[in-house]
Amino acid sequence: MSYAITIGPRRYRFDDLKTLLARATPLRSGDQLAGIAASSAEERVAAQMCLADVPLLTFLNELLIPYEQDEISRLIIDSHDAHAFAPIRHLTVGGLRDWLLSDAASSSMLASIAPGLTPEMVSAVSKLMRNQDLVWVASKCRVITRFRNTQGLPGHMGVRLQPNHPTDDARGIAAAMLDGLLYGAGDAVIGINPASDSPETIHTMLAMMDEVRQRYAIPTQSCVLTHVTSTLELIRRGAPVDLVFQSIAGTEKANSGFGINLAVLGEAQQAAQQLGRGTVGDNVMYFETGQGSALSANAHWGVDQQTCEVRAYAVARHFSPLLVNTVVGFIGPEYLYNGKQIIRAGLEDHFCGKLLGLPMGCDICYTNHAEADQDDMDSLLTLLGTAGIHFIIGVPGADDIMLGYQSTSFHDALYLRQLLGLKRAPEFEDWLESMAITRAGKLQAQDHQQALLQLMETV
Amino acid sequence: MNAPLPYTGISPITEDSWQDLASHTVARIALGRVGASLPTRETLRFALAHAQARDAVHTPLDLSALSASLQDLQLPSLQVRSAAPSRAAYLQRPDQGRRLHPDSRASLLAAGVEPCDVLFVVGDGLSARAVASHALPLIAATLPLLHEQGLRVGPVVLATEARVALADEVGECLQAAMVVMLIGERPGLSSPDSLGVYLTSAPQVGRMDSQRNCISNVRPQGLPYPLAAYKLAWLIRAGRSGGTGVALKDGSAAEQGWLDLQTRLAHDAI
């Protein structure tokens, strides 16, 4: 089906729904690279006007990627909850935006319609929303997850402690871990990106983190962010695996480029749950995403990069994850060119994830070949804090010495906490108090008596 | 006008008591804080590192110097460029960086090179500095291990404005059974010269990333040449029978040869 609108003397025609969505997307380099972006500013707004009048029901009937050829399309349609959808099924995309911003869309109402929303509906409505709309509606969404602590409570924000080291050196990792814990970070997860994909190395890292956690009774979880098949193998070998990590994308073809599918994710989820390592819950999955991954794998079907991204959230949602984060500026300037595009994408990803019911975090980041700097990260950090972000990343000094990009620092998280009064996961906050790392939530100066400093002796 | 603050001799910086741990990592740990924020000294140190990394991205690779050094090692080399016409285009059009310029493709096809078991491609990627510093030493350290395996190694192909997948087309043109792409990784603040290594069997246009194996951060302060060479030779041996990609798990670090090398390197460092 085609869509058309007349603006003054010009008639704009869009051949199908995916073309309409692509043309309606706020400007970004990735859609230009794919050759699907609007060719003028007026065409973009024309597409947005046209999109505003599309009924939500259209998205259930006109699939962007064929049902027969993509298991994520099948997942989206087969798991759609008609009962949850009922209160909003009469709305158009523009009507959905109005409803989301209204007082009628309370936190509980938003949670109850989430299973009735498809990624394409959510992506569509986000294209009609300004940054403040993305912030406000996301701030109303509540998503709570649990493993060894409770995450996502109102007024709370978690931090993933990311103590990466370029050669996976145990003492280097431990030193960064200690630094992060003493700066009050690590409630979301202590998660290492390994430089090596050797199972022996990863096993050693898992064992080291588990030993530290047990020795100091830290109510958090650990993860080595390696391929899901490697984690499965490590579970079989008896390694102490808390969370299963995987990068995911929004098309079957792109996921196959990552060497994964829904079946293997399901197998891994089951294997990790069977270990029974969670104490307060069994959300065992940790996913990372990012706009541009489908295009990068040449697996985007002519669908805009943001819609592909939101389709990845349908994959995530299926496995009840503890944590999901978009690694928003990591992919580079060919997909998100500058600070403005990265900030917009970060807000979109967070909003779309939350609206679909995900514990959505963000790796607020950029690379050295993008037109961005720390000021842009400060802006996005502050905005996402007000939007109620589930968790952010904590890297020593914002400089990831393994992955070679800039993320947010332990200091950045402290800034946001003091600015907005954001608390840590309650179990973790209690632990920090018991270790005298914080007092009444505030970081304390430490002397050499701090028991955690003996952590280095264990590695 | 307000009176100046009285001098108290007390710095507003809270210093961290674990500064000695900084000897274990180049990560920015124990930075201290002013309130919750970074002290001025670290804000400026970071700004300088970012400025230098930005400059590294835009510095071109010196092909003639590299090719002359290869000559000294008795290694013939060929030069190609990708379809990206400029650095600016390269940064925004990865599709162009993955394909050969038509002239380069034609010259490879006409080069009359014998089919080989392993072909090295050296691409500038995002850090020409990484390639200029580390590509040659890594090739030199790897060659003897490949010769032990009785493998035929092709001429080294030097590529500019190159992405990882450019090596697929190069390998296809020169009928290589496996291709090794040595490429400058995106410069980090603390590692502006990190070399990435990508191994792909049966290279041809359209190979996916899941069909490759990667060794990252090759440089003396990262993964040193002898270890990187050992790992690469291990992956080549394993990949020759079962193919490369996610199914091939790197087991090199479990071998005695690896442990011996590590011990030797640790000893040399003392």
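Which residues does B:Val164 touch, not counting residues up to four places away in sequence? The first legend gives the reply.

This is a predicted model, in which local features need pLDDT of at least 70 and side-chain atom pairs count only at pLDDT 80 or more, while totals for chains, interfaces and linings use all residues. Residues are numbered from 1 along each chain as its sequence is written, and chains are lettered from A and ligands numbered from 1 in the order in which they are written.

**View 1. B:Val164 and its contacts in chain B.** Not counting residues up to four places away in sequence, B:Val164 touches B:Met181, B:Ile183 and B:Tyr198. Two residues are in contact if their C-beta atoms, placed from the backbone, lie within 7 Å. Look for B:Val164 in the loop between strand 3 (156-160) and helix 7 (166-173) of chain B. Helices (H or I, at least four residues) and strands (E, at least two) are DSSP runs, numbered from the N terminus. With 22 other C-beta atoms within 10 Å, B:Val164 is buried. A residue is buried if 20 or more other C-beta atoms lie within 10 Å of its own, exposed if 12 or fewer, and partly exposed in between, with C-beta atoms placed from the backbone.

**View 2. The annotated "binding site" residues of chain B.** In an unreviewed entry, UniProt lists B:Val164, B:Glu185 and B:Cys214 for "binding site". These residues span 51 residues in sequence, yet no two of their C-alpha atoms are more than 11.7 Å apart, so they gather at one spot. UniProt positions are given in the numbering used here, feature names are shortened, and annotations may be inferred rather than shown by experiment. B:Glu185 sits in the loop between strand 4 (176-184) and strand 5 (195-201) of chain B. Why does B:Glu185 count as buried? B:Glu185 counts as buried because it has 24 C-beta neighbours inside 10 Å. Leaving aside neighbours within four places in sequence, the contacts of B:Glu185 include B:Gly125, B:Ser127, B:Ser216 and, from the other chain, A:Gly404.

**View 3. The annotated "binding site" residues of chain A.** Here the UniProt annotation (unreviewed entry) covers A:Pro194, A:Gln246, A:Ser296 and A:Met402. You will find A:Ser296 in helix 16 (residues 293-296) of chain A, and with 23 C-beta neighbours inside 10 Å this serine counts as buried. A:Met402 belongs to the loop between strand 13 (399-400) and strand 14 (405-406) of chain A. A:Met402 is buried too, with 27 other C-beta atoms within 10 Å. Leaving aside neighbours within four places in sequence, A:Met402 is in contact with A:Asn164, A:His165, A:Pro166, A:Asn193, A:Ala195 and B:Asn217.

**View 4. Strand 9 of chain A, with strands 8 and 10.** Strand 9 (residues 285-289) of chain A is largely enclosed by the rest of the structure, because 5 of its 5 residues are buried. In a regular strand the side chains alternate between the two faces of the sheet. In strand 9 of chain A, A:Met285, A:Phe287 and A:Thr289 point one way, and A:Tyr286 and A:Glu288 point the other way. Strand 8 (residues 244-247) of chain A runs parallel to strand 9 and is joined to it by 4 bridges. Two strands pair if DSSP finds at least two bridges between them. A:Val244 has A:Met285 as its bridge partner in strand 9. Strand 10 (residues 323-327) of chain A also pairs with strand 9 in the parallel sense, over 4 bridges. There, A:Tyr286 stands opposite A:Leu323 of strand 10.

**View 5. Where chain B touches chain A.** In this view, 49 residues of chain B are in contact with 51 residues of chain A. On the chain B side, the elements that give two or more residues are helix 1 (40-57), helix 3 (87-92) and strand 6 (212-218). Helix 1 of chain B gives the most, with 6 residues. By class, the side of chain B that touches chain A has 22 nonpolar, 17 polar and 10 charged residues. Ala, Val, Leu, Ile, Met, Phe, Trp, Tyr, Cys and Pro count as nonpolar, Asp, Glu, Lys and Arg as charged, and the others, Gly among them, as polar.

View 6. B:Leu75 is partly exposed, with 18 other C-beta atoms within 10 Å. Leaving aside neighbours within four places in sequence, B:Leu75 is in contact with B:Leu70 and B:Val156.
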